[in-house]
Amino acid sequence: MTLLLLLLLIALPNVCAMQHLKGTDKKYFTNCKQWYHRKICGKPTVITYECCPGYEKIPGERGCPAALPLVNIYNTLGVVGASTTQMYSERAQMRNEIEGPGSFTFFAPSNEAWAALPTEILDALVSNVNIELLNALHYHMVDRRLTSEELRHGSSFASMYQDFHVHIHHYSNGIVTVNCARLIKPDQHATNGIVHVVDRVITAISNNVHTLLDVDDDLETLRTAIAAAGLTTMLEEEGQYTIFAPTNEAFEKIPQETLNRILGDPVALRDLLNYHILKHMQCAESIVAGTPMETLQGTVLEVGCDGEHMTLNGKAIVTKKDQLGTNGVVHYINELLIPDSAKVLLELAEGSSVATATKLFVEAGLSPHLTGSEALTMLAPLEDAFRGIDTTMRPDLRKLMTNHILKERLSSKSLYHGQQLETLGGLKLRVFVYRNNLCIENACIAAHDKTGRYATMFTVDKVLTPPMGTVMDVLKADDRFSLLVGAVQTAGMTELLNQQGALTFFAPTNDAFNALPPAELNRLMRSRSELSTILRYHLGDELLVSGAVGSHTRVKPLQGEKLELGVVSPTSRNQTVYVNRVPVADPDLMATNGVVHAVNSIIKPLREFCFTLYPVNRTTPHTFLILPSSANGP
């Protein structure tokens with residue numbers, strides 16, 4: 001609650017704040033524990049103020065200081081927006097009962113609730129007032145006084161209609177429901193009890209949720225699936241379930257091959273069905289914003305709302321709400337929800353933001369691996385990873401995509417530094433664990449694992465560049481480094497770049513050397529010791545791919561004090577890495593003994609100096625380290 005609203009309610013006695021949902025008749029009482037940030041189901045609300053129950057205004061006075069005398073339940077109905085319930089109570093010959101002695105709780109449908117009833121149902125109720133209407137109204141009553149605080153979550157109370165119970169849910173967001181009807185005006189006190197105005201007419205519950213599913217022809221496919229998965233007994237037992245029940249139409253939308261595979265696989269089928277069942281009962285009226293909720297399958301669904309529509313994972317697919325049973329509630333949906341754990345590898349990829357990678361895996365002829373039951377791990381690059389890459393299928397690209405599939409099913413949480421992973425193409429890929437990233441060669445994991453029925457998918461930020469030789473081999477194979485290759489040989493460092501190890505080489509290109517004055521370049525290329533000093537300063541003594549570089553990363557070179565690394569935009573997928581303020585022109589040229597990052601400038605040490613500043617009114621000096629821009633450009 002905002003401080004302004006809190007102060008206002010303190011200053012105005014007996015004034016209650018309400019949030020009114022624009023464009024509807026819905027209102028929500030607001031207090032410090034129940035505040036919806038001026039939005040309900042994504043729609044704006046208007047804050048209004050009115051006298052709290054039992055109080056009214058006095059001209060010239062602040063707030064609502066006048067306490068009204070209590071009246072009996074019958075008369076209370078007439079002043080709290082339940083005059084239709086009052087009228088039907090008289091027609092059902094209940095007036096004397098709710099005017100007389102006793103202590104009752106009346107869950108009274110609002111006038112709008114009665115108006116919302118289908119005509120045929122309302123006609124059936126009022127046409128036989130001595131029985132049906134009386135029974136219906138008695139089901140809204142409990143033979144004792146219950147305030148909203150006493151309406152505990154998950155509790156039930158015997159009604160005055162044949163002791164059929166009414167079922168209470170008191171949610172953490174402050175909303176209270178009875179048989180999934182929301183209390184819109186709670187705690188309207190009367191001399192002989194209490195009235196809670198509710199937003200719908202409630203009906204007696206006698207069947208469990210399985211029986212609800214069993215009698216609806218529109219859920220025939222679901223019933224068959226539940227029986228095949230052995231879930232019938234669970235849905236007949238006591239519980240507080242929420243079932244998002246896919247209709248026959250929802251099943252028909254799934255490709256027949258996919259549906260047959262799941263229906264014929266007991267493990268996948270059970271996961272599929274459990275993904276549609278929440279561990280607790282969630283009435284539609286309890287939802288005011290998207291909330292992740294755990295399913296019996298173990299993962300979560302985001303249950304939310306958009307205006308009048310209940311949503312699942314952001315989609316308005318709920319077609320019928322709040323079909324209440326003794327052990328839960330059923331909401332009908334017109335779209336089948338397939339959890340990752342019931343999907344094959346190709347389906348995992350098709351449901352993710354890796355469309356280009358998916359297309360290339362298929363074009364490379366890898367579909368049998370992606371749709372079968374092999375234990376595999378797919379490395380699927382994001383869309384941005386293919387920017388600037390020719391994706392026309394050819395032999396080398398086919399081989400590359402084959403090397404994006406690992407021969408075992410893995411979890412990213414089980415990977416460790418230095419681990420080697422074999423691909424379908426026979427290559428061995430290395431795992432690098434950094435403080436801020438987890439990478440396989442140059443490709444770092446960019447999203448949570450997707451764990452399917454048989455295989456797992458890692459979403460990665462780059463297309464793999466598997467190592468094809470030593471650092472020296474990488475340099476020799478790239479014409480941009482012809483001058484560097486000669487310099488390495490002159491400096492006597494060829495063996496160093498060929499031997500086993502884990503090096504990071506910020507490799508100057510020909511452009512970097514040619515940027516030097518000709519005389520200086522000629523002198524440098526003939527000096528073994530000077531070349532060795534310069535090149536060793538370009539070599540880090542650990543293997544650091546670009547994805548491991550944060551806003552401030554320090555590397556120890558083979559000669560010299562340190563290299564300062566950073567990135568222009570640490571959150572960008574296409575970030576530029578800098579080393580001593582020199583941009584890396586082409587990162588992550590992977591080698592068996594290290595990695596090469598191409599730079600177009602010779603890297604020089606950053607010159608450091610200190611100065612002392614004495615702040616005003618302070619005697620303690622502060623020392624600052626300055627890295628001037630003159631060492632390596634701006």
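The residues that line the largest cavity divide into 6 nonpolar, 3 polar and 4 charged. In this classification Ala, Val, Leu, Ile, Met, Phe, Trp, Tyr, Cys and Pro count as nonpolar, Asp, Glu, Lys and Arg as charged, and the others, Gly among them, as polar. The model is a predicted one, in which local features need pLDDT of at least 70 and side-chain atom pairs count only at pLDDT 80 or more, while totals for chains, interfaces and linings use all residues. Residues are numbered from 1 along each chain as its sequence is written, and side-chain values use heavy atoms, with hydrogens and water left out.

## Cavities and pocket

Rolling a probe the size of a water molecule over the atoms shows where empty space is left. Here a 1 Å grid is laid over the protein atoms alone; a cavity is a set of points where a 1.4 Å probe fits but cannot get out, a pocket is an open set with protein on both sides within 12 Å along at least five of seven lines, and lining residues have an atom within 4 Å of a point. Grid points are joined across faces, edges and corners, and a volume is the space filled by probe spheres set on the points.

The structure holds 3 cavities of 30 Å³ or more.

| Space | Volume | Lining residues by class |
|---|---|---|
| Largest cavity | about 100 Å³ | 6 nonpolar, 3 polar, 4 charged |
| Second largest cavity | about 50 Å³ | 10 nonpolar, 1 polar, no charged |
| Largest pocket | about 1400 Å³ | 24 nonpolar, 9 polar, 15 charged |

The largest cavity, with about 100 Å³ of space, is lined by 13 residues, of which K26, A284, I287, C305 and K321 are the closest to its centre. The elements that give two or more residues to this lining are β17 (300-306) and β18 (309-312). Helices (H or I, at least four residues) and strands (E, at least two) are DSSP runs, numbered from the N terminus.

The second largest cavity is lined by L213, L222, I226, L235, I243, F244, A245, P246, L273, H276 and I277. Two or more of its lining residues come from each of α9 (220-229) and β14 (241-246), and β14 gives the most, with 4 residues.

The largest pocket has a volume of about 1400 Å³. Among its 48 lining residues, A113, D199, R200, V201 and I202 are the closest to the centre. Elements that give two or more residues to the pocket lining include α5 (111-116), α6 (119-127), α7 (129-139) and β12 (181-190).

## Strand β13 and its partners

Strand β12 also takes part in a hairpin with β13, with 2 residues between them. The two strands run antiparallel and are joined by 5 bridges, with Q188 opposite V195 of β13. Strands are said to pair if DSSP finds at least two bridges between them. Strand β7 (residues 104-109) pairs with β13 in the parallel sense over 6 bridges, and A108 has V197 as its bridge partner.

Strand β13 (residues 193-198) is largely enclosed by the rest of the structure, because 6 of its 6 residues are buried. Buried means under 20% relative accessible area, exposed over 50%, and partly exposed in between (1.4 Å probe, protein chains only). Both faces of β13 are covered, with G193, V195 and V197 buried on one side and I194, H196 and V198 on the other.

## Helix α15

Helix α15 (residues 355-363) has T356, A357, T358, L360 and F361 as its buried residues. The elements that cover these buried residues include α14 (345-350), α16 (367-371), β21 (377-381), α17 (395-402) and β22 (405-406). After α15 comes G365, which has a positive phi, near 80°.

## An open sheet

Seven strands form an open sheet with mixed pairing, in the order β30-β29-β35-β34-β33-β32-β31. Its edge strands, β30 (539-540) and β31 (553-555), each pair on one side only. Strand β29 (residues 503-508) pairs with β30 in the antiparallel sense over 2 bridges, and F505 stands opposite L539 in β30.

## The chain as a whole

The protein chain has 23 helices and 37 strands. Its C-alpha trace spans about 115 × 75 × 35 Å along the principal axes. The radius of gyration of the chain is 35 Å, whereas a compact globule of 634 residues would have one near 26 Å; the value is taken over C-alpha atoms, and the globule rule is 2.2 Å times the number of residues to the power 0.38. Of the 634 residues, 49% count as buried. Contacts (heavy atoms within 4.5 Å) between residues 24 or more positions apart account for 61% of those with a separation of 6 or more.
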